[in-house]
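Hi everyone, thanks for making time for this. Please bring the sequence and the model up on your screens, and we'll walk through a few helices together.

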Amino acid sequence: MFENYQICPYTGLRSFTEEESLYFKGRDEHITEATQQLQENKFIMLTGASGDGKSSLVYAGIVPNARAGFLKSKYTNWCVADFRPERDPLSNLCKVLARELGIDNASTVESEVRHGFSALVDLYKNSKRFIDTESLEWKNADETGKATLKREAGNLLILVDQFEEFFTNPENYSKGVPSTESSLVLNVLLETARIALEEDLPIYIVFTMRSDYIGQCAAFRGLPEYIGFSQFFVPRLNRVQLQDVIEEPAKLSGNRITRRLTERLIHDLTEGVDQLPILQHALNQIWVAANNGQEEMDLVHYAMVGGMSKAELPEEQVSKFTSWFSDLPPQIQGCYHQPNLQNVLDTHANKMFEEAEEYYNNKTGKTISDSDAKLIIKTAFKCLTKIDQSRAVRNRMTLEEITNVLAVPELDVATVGSVLDIFREPGNTFVRPFINPDSENNSLKKTDVLDITHESLIRNWAYLESWAKEEFENYTIYLDYEQQLNRWVESDQSNDFLLSIGPLTYFENWYDQAKPNQWWVARYLPEDEDQKEKLKRANTIINNANAFLKGSARKHVVTRSIMKYGPKRIAAVLAIIGLITLSSFAVRNYLRQQNEFVLENVKRDALALTNKKNIGLEYTIPVLVELIKLGDLTLKEALVSIDDPVQRLHIGNGANGFLIYQGRYQPATEILESLSVMDSLLEVSEVPKDASKLPVYLKELNDFKVVAGFAHLYNPSPEIKSLVNQNAERSKNYVHHILQTQPEGFSAINTFCIALEDGINNQSFTNEELKNITAVLSPFENSTKSEWIQAQFQRDKLQVRGTQDYGFKFNGLYQELGYLYAAQGNVVNALKCIDTLLHYNQTYYQNDYSSMSDNASNIALVFYQSGFENELDQFVKGYSEKKGISPIEFYSRLLARILTDNGTSGYFNLYAFSGEIYSNLNLRFCTDEAIVFFNRKLRTEINEQSNPDERNFNLAVALKNEGIMLSHRKEMRGNEATDKENQLFKRQLMHTRKLDVGI
């Protein structure tokens, strides 16, 4: 296979070394410029995008240039003290200084460095690397002695490679603040550079850093000034330079490469990061495919590494590729998907992933299952990556730490290390430390620190990218779980703080899938803690977590039994127990003694009606709700008697809707309990895999959104708000599922849109999720839409929204896109959606988009809910100009729509004859704070009016309306108006009195 690698002029993912400078091509001009800048300033910060070759530019460019005399300095010798910050920058700096300055003990260097920022200069001056021509030693030395001193003297170049590790490791930088030792190292190096420039000492400081960390450099005092003083941004290579990168190493190593392959590689390079690592890795693999360079490298070898398809090969090379490919095992053939330059890395990594079992068995003579080998690889790479401020970056860990996180007893350190060796082999070099072919023992020790060679692997190996996201998601869920766990622990493990059934099921599933152990938890504890203390604390957390889950599960054992076995089977068991316990005479006697025997019959008949699907809610729900209000029945009891899960949800939503419609905020206890029961039922109802069932479950989900929304409107308590948010999370999951699977025959796009709006209105989607959904739906992002999307949003396929029988073209697509773009603060595209909605308005009610229940007011509210107040102003201004209205009119219409109307009962879908009502209720459900905000916006616009009478009149009306709206909300919640509302009416009166009485 390709990985049987010997010598190659292309380095793959790793950086060029000083010894490989002969093959480092395409950067001659940049090396000269950077060298000159370093010579003049004694300091240089090399920045550039990830994969732009910063480290190679130093090791294979600047350093060889210096040794060759192109960096003119005091001595001919060069001492290169190079290090990476990693988790201990001070220790790493002192080790390389001790090595290069000839100091026996690194602790001596560290002790000196801690005493003052100029200590490094003093260490250099007092070492054999520096000649003090005023010293007695120099003056008293003869020619031989002086020659000896000169041979030992040398210029000092300090290289801090991958400076961004000062920010990516929490030991160095946490919560925006650098550690004490990090600050010390930076201060010492910057002071050294200053003194070297001031005294013209032969000391040079070089930093390499990814440019996306520039902003964080402000955390270090003085560093931004030094960057401004001497920064070199590594440029992208042009076409001629790329040709040199590809062809020159081949010529210099005695290999051959066709010009057509060179042209194809340059053509396939895309814009963005990772250009050079991807190219170098592809060239490395092409060289191996060409029989380790013995054949002329050509297009067929590019195809053999997954860079191009067989169909694109010249005719004379097709048979060679076909023969070669047919000999590959099926699982390896499966790695050659979507051939292109970017996928060469993915293909190579996938091959190693598939071959790991065979590699281990052949290498060790032992056996391991394919699943165990893959589990080791997945766990290891999840450990070796982390998310830093939304960026996937490398994370160094020891082999022992990885093995502990894996936590499979039969997979010990030696086994884990041997499986991972395939990624360390020459020619693979995906993980450091690399295997040295000249060394007799390359086995990893438990204390060895493993590190991914280059972050381009994270971005271009699809498995690893998904593993990194999975790990970050696990960590995010863990933080949520830990919060709830801590509440339970801090309340003396009270049953009142156990998980409700929905979160319990969610966290149980996560716990079974993620299998967190004490070493995994310890990984995420503060790094400044002692390792033993971290493990002890992590063990306590795991023990508490297990007890928390078990206690929560015991709390819901009855509800879960009903869900699992159904009410009939449980009722049969209870009946048998009852017959065993009581004689039939005792049973009859007990029933006759009941004072409410008639009420029991009513209850029995009401429960029987709930099982009949063809009877409208208006006939079953009122009796059921009366029994609940009388305390003779709970919703949970009613739902237990229903066999069909969908009917159970249907009746539950109907009962909740009727309770809320009748009493608004009362009876509060029964309403909250009933809502919680429905929330639990919905939580355990998984997204159905059968596409035909999706519309039914989605409808019930949306009905609960309406019920919970009105409940929160009438009683804005944290408990009900939590239920609203949890349902919005379920809506989000349905939206993701439907868009990802795009089920054939799906016919409920209207209901889908309502679920999408629910997720947007409650900020359930992350920004990344919003972008992904927009990319699927929006023609502005993707002109090529799937057949499913085209079918669901046909131009002339109309849907019914709101309380009027109207529809609009594109089936509401552009209204939904308006919400999506508003949630992302994208004013330009939100207004593009408005253009389409205004143009195709012939099917709107009364031909007016503004008269629809879903209109620009709803979009404006999404801007506000998502925190884009400045963008809201731009949107209102743009929309008003398109409609030829003033912002005053816009805000007046928006506020008018917030008032509760007489059609509230219709939203609960309680009456079969009225049909379904679909509307975005974000305005109806908006917060009191939103009302105050939009009234303030209205008054701001009114204050711009030049006519004082007109201004005062409109201000008086606006203040009166705000007072009425807030007072009305107080009234419908059973509260009295406060002084806040009274002040609004007083201000209204003040503006009214300013009016000219003659008008």
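Which residues are buried in H33? They are Ile671, Ser674, Leu675, Val677, Met678, Asp679, Ser680, Leu681 and Leu682. By buried I mean under 20% relative accessible area, with exposed being over 50% and partly exposed in between, using a 1.4 Å probe and protein chains only.

Before we go on, a word on where this comes from. This is a predicted model, where local features need pLDDT of at least 70, side-chain atom pairs count only at pLDDT 80 or more, and totals for chains, interfaces and linings use all residues. Residues are numbered from 1 along each chain as its sequence is written, and side-chain values use heavy atoms, with hydrogens and water left out.

Now the overall picture. The protein chain has 46 helices and 12 strands; these are DSSP runs numbered from the N terminus, helices being H or I with at least four residues and strands being E with at least two. Of its 999 residues, 52% are buried.

Back to H33, which covers residues 668–684. Its 17 residues reach 25 Å from first C-alpha to last, close to the 24 Å expected at 1.5 Å a residue. That expected span is 1.5 Å times one less than the number of residues.

After H32 comes Arg664, with a positive phi near 55 degrees.

Next, let's turn to a helix pair. H22 (residues 462–490) and H23 (residues 501–514) pack at about 135 degrees, with axes 11 Å apart. The axes are lines fitted to C-alpha atoms, for helices over the stretch in contact, and angles run from 0 to 180 degrees between N-to-C directions. That angle makes H22 oblique to H23: under 35 degrees is roughly parallel, over 145 roughly antiparallel, 65 to 115 roughly perpendicular, and the rest oblique.

Who makes the contact, meaning heavy atoms within 4.5 Å? Among the residues on H22 are Ile477, Tyr478 and Tyr481, and H23 brings residues including Phe507 and Trp510.

Finally, H25 (residues 531–555) has 25 residues and reaches 36 Å, close to the 36 Å expected. Its buried residues, including Ala538, Ile541 and Phe548, pack against H22, H23 and helix H24 (518–523).

Note on methods. Contact = heavy atoms within 4.5 Å.
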